[in-house]
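Here is a quick tour of the inside of this protein. Keep the structure open while you read.

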Amino acid sequence: MRLAALAASLVLLAAPVAAQELRIGIELFPNSLDPHWHNFGGNKAFAPHLYEPLVALDTRQRPVAALATSWAAETPTSWRIILREGVRFHDGAALTAQDVAFTLRRAAAVPGSPSSFAVYLRQITAVETPDARTVILRTATPFPLMPVYLSQVPVISATRPDVTTADYDSGRAAIGTGPYRLAGWQRGERIDLARNEGYWGAAEPWARVTLRGITQPASRVAGLLAGDLDLIDAAPPQDLPRLTADPRVRVSSVVAPAVAGFHLDMTERVPPGIRAADGQPLPRNPLTDLRVRQALSMAINREAIVERVMGGQARVASQFMPPGAYGHAAALTPTPFEPDRARALLAEAGFPQGFQLTIHCQNNRFVNDAQICQAVAQMFTRIGVRTSVDAMPHTTHVARSRAREFSFWTGLWNVETGEPTSPLVTLIGTVDEARGRGQFNRGRYSNPAFDALLDRALAELDDAKREALLAEATTMAFRDVALVPVHHQMHLWAHRAAVRHTQRLDGYTRAMDIRPN
């Protein structure tokens, strides 16, 4: 029986893809069908199946035409956008400028949003629609990144102005202009899609697509090898040798502008998860001291994590952007592994005996996240910071980090726009809700000099000058240990030989990037 089952699975994996049907196993499942509810990677990876932005980013994160065919800065504070003709929503309604105006209002103010899309839209002071195919966006100051930021905002129909997140999640309002229509979904488990036969662009090869949420890496690999899935994302590095050796399987990878690292709470209060070496409460938060932050960063052996935990499938990081990318600060090098110097810095800061620390980790957000935490905890303990790990699912981690229950916690910082302004604004900028700054800065880092540099960069229309300002701001923040970067993640996929896959720098997994052989 076992031999027969194994033989059957081998035949399934080697066989051609079933007629126009694609089955994908994904690690990070969307938590809503509302494209504006949660500015979160799982949702943004999925949304373009159903919805489209004005400007898209291609697989190399370069702006390309989507619902807009052209965009131009007519003046330093106004952009004219021309919409594509012949685009219809899944319900048959034609795309007009009014849909864009409605989208931009709604996306910035969705009730109950855990993390708003307003960060991409704060700069817009007025939206004008002189005709059905023209949108004019006005800003108070020059905003050179308008096309890139618009790429993050899916366009929806204005025909139902009272639509709610619940309407989307029921499936009733999940209507866009994208290449697929919603055929069904089971929250957290499965999404079924059907090809949009009225799509304005080239028809997709898949009549049906199923996305299955599978958080456990071993289960994704098992599903692929059993022939139940055609492609999986977040392929576990430890399984790469057997996957690459299997003639029925192909592995694709790319070094990504996605950084695994740690956040720190830098408020004056002593945050949860930190106590004195003897277990007693501390009179002050050690993480407000630059020397302590430097010591923790120096205690991390990044090369060892890359080689031993990640199996070589990562690159040591010093900042958001990898070498060669726009905004990379060449003068900023990775923090060296110097445990002796780390212990000396702790003593200088008034903690010769160290202290107790809990690292709060995700265990299903990025590749080997919990194992990385365990490795870093051991490294910290060796310099006298006795460290324990509290690992939890991503959804729980998000809720608790929003409630500011952590002192030192994991993060995966995706650079989704091909340049570093978004993470600099949201993760490091001083918290200012009115200006849309510090949206994810839950450690409350604040540096007025950094904020001033960022302001200058965001208003600079000259690309070269703006890049220099971004590099300077990046250097300032990471030398101040506003965050603790560890490594650039390598996005890894595995798929059947019967399909081919185009890797995306953003790591998103989309049916539109998969084709039959």
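A nonpolar core here is a set of buried Ala, Val, Leu, Ile, Met, Phe, Trp, Tyr and Cys residues joined through side-chain atoms within 4.5 Å, where buried means under 20% relative accessible area (1.4 Å probe, protein chains only). This is a predicted model, so local features need pLDDT of at least 70 and side-chain atom pairs count only at pLDDT 80 or more, while totals for chains, interfaces and linings use all residues. Residues are numbered from 1 along each chain as its sequence is written, and side-chain values use heavy atoms, leaving out hydrogens and water.

The largest nonpolar core has 102 residues, and Leu54, Phe320, Phe380 and Ile428 touch the most other members. Helix H11 (residues 369-382; helices are DSSP runs of H or I, at least four residues) gives this core its largest share, 7 residues. Another core, of 30 residues, lies apart from it and includes Leu22 and Val209.

| Residue | Contacts |
|---|---|
| Leu54 | Ala65, Ala66, Leu67, Ala68, Ile81, Leu83, Val100, Leu150, Val155 |
| Arg293 | Leu264, Met266, Leu287, Thr288, Asp480, Val481 |

Arg293 sits in helix H8 (residues 290-298) and counts as buried because its relative accessibility is 4%.

Key:
Buried means under 20% relative accessible area, exposed over 50%, partly exposed in between (1.4 Å probe, protein chains only). Helices (H or I, at least four residues) and strands (E, at least two) are DSSP runs, numbered from the N terminus. Contact means heavy atoms within 4.5 Å. Lists of a residue's contacts leave out its neighbours within four places in sequence.
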